[in-house]
Amino acid sequence: MRRISCAILLIALSYALLGPASYSGIEDKERLGYAPDRIIVKYKSHLDTNQIKAAQDRAGVSGRELTGRIHLVSINPGKSIAQSIAEAESDPDVEYAEPNYVRCVSLVPDDPLYSSQWALADIEASGAWDVTTGSSGVTIAIIDTGVNSHHPDLAMNMTSGWDFCDDDSQPMDVYGHGTKMAGVAAGRGNNETGISGVSWKNSIMPLRAGNSQGELYVHEIVQAIDYAIANGAKIISASYAGTAYSNAEYEAMSRAAAAGLLFVAAAGNQGSNLDCCPVYPASYGLSNMISVASVNSGGKLSSFSNYSPSRVHVAAPGESIWSTSHVVSEAFSAGFDASAAGWTLDNWQRSSIRSFSRDYSLTNSIDAGKYRDNMSATAVSPEINLSGAAGCKLYFQIYGSSELNCDYLAVETSVDGGNLWSSRPMLIDQDGVTSEYPRLSGSTLNKWITAYVDLSSLDGSSSFRFRFKFTSDAVNTDEGFFIDDIRITYGSGLEAYRRGSGTSFSTPHVAGLAGLIWSKYPAYSVAQVKNVIINSVTKIDSLKNKVYSGGKINASKALNNPDPDSVFAPDSADIQSEPCGSSGAIASSSGGGGGCFIATAAFGSPLEPQVLKLRNFRDRVLARSWAGRQFIRLYYRYSPPAADFIRKSELLRTAARVALFPVV
């Protein structure tokens with residue numbers, strides 16, 4: 001009884017001590033990744049548009065409405081994200097403010113060799129195709145890095161979408177991830193071309209919220225979700241993850257739930273227990289969600305896959321998965337080894353002093369190994385025809401140095417044959433970190449580095465040129481820059497297939513299955529489709545205590561023997577969670593309930609509404625402050641034995657429910 005009293009005291013203490021959610025833990029969030037110049041702010045319900053504008057004027061900021069009263073707000077120069085959030089939340093008209101977090105797609109490097117699609121046999125897809133191969137009337141929204149709509153296995157299934165990065169109606173894949181997800185979910189089947197998706201005919205809605213580095217910012221995810229709601233999608237496939245809780249993302253997904261959309265989320269690729277180390281959106285626990293782990297061809301949980309007996313619902317194939325690929329083709333290349341024919345060079349020249357490959361490069365170092373003072377140097381490319389090309393990028397290798405913050409290299413483009421020029425930012429990849437530079441100044445630290453320029457806004461230009469423009473001031477010079485291996489690539493997608501691994505690939509298997517179910521049974525609700533998917537799994541011993549259903553999806557059972565109104569009731573052995581130690585590692589004691597061990601013992605299941613509320617309270621309130629995190633660690637350490645003791649007695653379970661009632 002002393003254990004029980006201590007546990008209940010800990011619960012009551014946390015509620016009394018911490019009260020409402022705050023951003024006192026913002027220092028932790030600053031290590032997570034977010035936009036450096038903008039935050040998301042939600043204003044209170046009594047405000048109209050003019051009052052919101054007045055609130056922004058008082059704060060000296062500008063904002064753009066995303067949806068409802070949620071705005072993307074630029075921060076004041078010289079202020080940190082933490083300061084800007086604190087100032088915003090001090091305004092009585094603000095409901096909450098948070099960083100504009102970035103989500104990253106999870107992709108294990110792929111292998112270009114062709115192999116059989118073991119995954120479709122593994123989920124018994126052929127048995128489902130005897131019932132239906134899908135319907136264009138059921139739309140799967142792919143929120144990702146875009147989709148290569150020209151691919152022959154996708155073109156017939158494409159419907160209109162949007163690019164929330166470039167704000168246009170051409171959400172072409174600039175990274176290569178979204179195209180793979182679309183192919184797994186709904187690649188065209190039975191067309192004598194390439195691969196087959198889980199569904200052959202469901203419509204694909206491409207929603208680009210990911211940039212050319214595979215990063216998805218929350219404000220673009222929010223807009224993509226609302227677009228899917230407004231434009232008739234039934235399913236959202238979300239193969240991305242991040243470790244920070246976002247109110248704006250949660251609310252957008254709640255709107256999707258209210259609108260009757262199923263949200264399928266990747267569990268993530270950290271090999272962690274989400275009860276201890278939640279990732280989002282997989283861990284939000286909304287009623288319209290299915291979170292997906294990965295299994296390999298042997299039916300084992302993938303070593304990289306996250307798991308949880310309460311937060312992750314099912315598993316699906318996620319290793320060595322073949323799908324459609326964003327193909328890279330070349331529209332132009334230059335290496336300068338033979339000549340610089342076709343280039344117009346002013347204070348640039350071919351050089352054998354340095355080169356990235358072979359013998360020659362292009363350089364502005366023309367005066368005894370340095371550039372000149374007061375230099376204006378341009379190297380203009382030949383005219384290039386980009387007609388029919390989509391997703392164009394300019395790549396080059398660069399080496400050298402210039403006087404820091406005084407002498408600059410820029411990349412400029414022209415689409416009228418070289419009369420009008422526009423500057424383009426360069427993305428530089430150094431040691432796995434990509435940064436954007438409007439102009440380059442300083443040193444590459446004695447090594448060749450890769451730079452690229454996104455030209456997708458210029459796709460289709462018939463008279464395209466680009467140039468390197470270097471300018472220097474009147475004092476001090478340096479080595480200058482060397483440029484080599486220039487190429488312009490584009491994604492054609494024709495006859496292109498790759499394979500890859502990750503829970504990213506598991507997720508669209510489930511989205512495609514949901515598409516088949518709704519194609520055959522269009523009157524089913526979200527809850528019914530979710531029930532069918534969970535009820536029809538193939539049970540696997542290795543998935544006990546790892547996923548809620550204890551199994552991997554089975555398409556044939558889902559389509560041939562649907563049980564839409566039966567709520568899945570897992571065996572108690574399938575839902576015993578492993579608690580975390582103070583370091584985040586798995587502790588040795590037993591327990592249950594996604595970390596809410598006592599509540600699960602009291603209410604009987606980790607998915608009971610009361611347990612979900614307590615888990616939500618932990619994530620949205622306790623985990624956001626130092627004191628709350630210390631409480632969670634103590635709770636994980638001491639509550640499992642108490643939970644085991646409570647579970648054995650109905651009297652103790654009743655007492656625990658009564659004790660927890662004020663917190664619930």
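This is a predicted model: local features need pLDDT of at least 70, side-chain atom pairs count only at pLDDT 80 or more; totals for chains, interfaces and linings use all residues.
**Entry 1: α8 itself.** I then checked the span of the helix. With 13 residues, α8 reaches 18 Å between its first and last C-alpha, close to the expected 18 Å. Is α8 mostly covered, or is it mostly uncovered? I found it mostly covered, with 11 of its 13 residues buried. I listed the buried positions: V218, H219, E220, I221, V222, Q223, A224, I225, D226, Y227 and A228. I note that H219, E220, Q223 and D226 are among them.

**Entry 2: the cores.** I looked up the largest nonpolar core, which holds 68 residues. Inside this core, I39, I143, L207, I225 and F263 have the most contacts. Helix α8, residues 218-230, gives the largest share of this core, with seven residues. I also recorded a second, separate core of 51 residues, including M158, V198, L262 and V292.

**Entry 3: around L207.** Which residues does L207 touch, leaving aside those up to four places away in sequence? I recorded A141, I142, I143 and D144, then G161, W162 and F164, and finally A224, Y227 and A228.

**Entry 4: the whole protein.** I noted 16 helices and 31 strands. Buried residues account for 57% of the 664 residues. Of the contacts between residues at least 6 apart in sequence, 78% join residues at least 24 apart. The protein exposes about 25,900 Å², and carbon and sulfur atoms supply 49% of that area.

Key:
Residues are numbered from 1 along each chain as its sequence is written. Side-chain values use heavy atoms; hydrogens and water are left out. Helices (H or I, at least four residues) and strands (E, at least two) are DSSP runs, numbered from the N terminus. Buried means under 20% relative accessible area, exposed over 50%, partly exposed in between (1.4 Å probe, protein chains only). Contact means heavy atoms within 4.5 Å. Accessible areas come from the Shrake-Rupley method with a 1.4 Å probe; for residues, only the protein chains shown count as cover. A nonpolar core is a set of buried Ala, Val, Leu, Ile, Met, Phe, Trp, Tyr and Cys residues joined through side-chain atoms within 4.5 Å. The expected span of a helix is 1.5 Å times one less than its number of residues.
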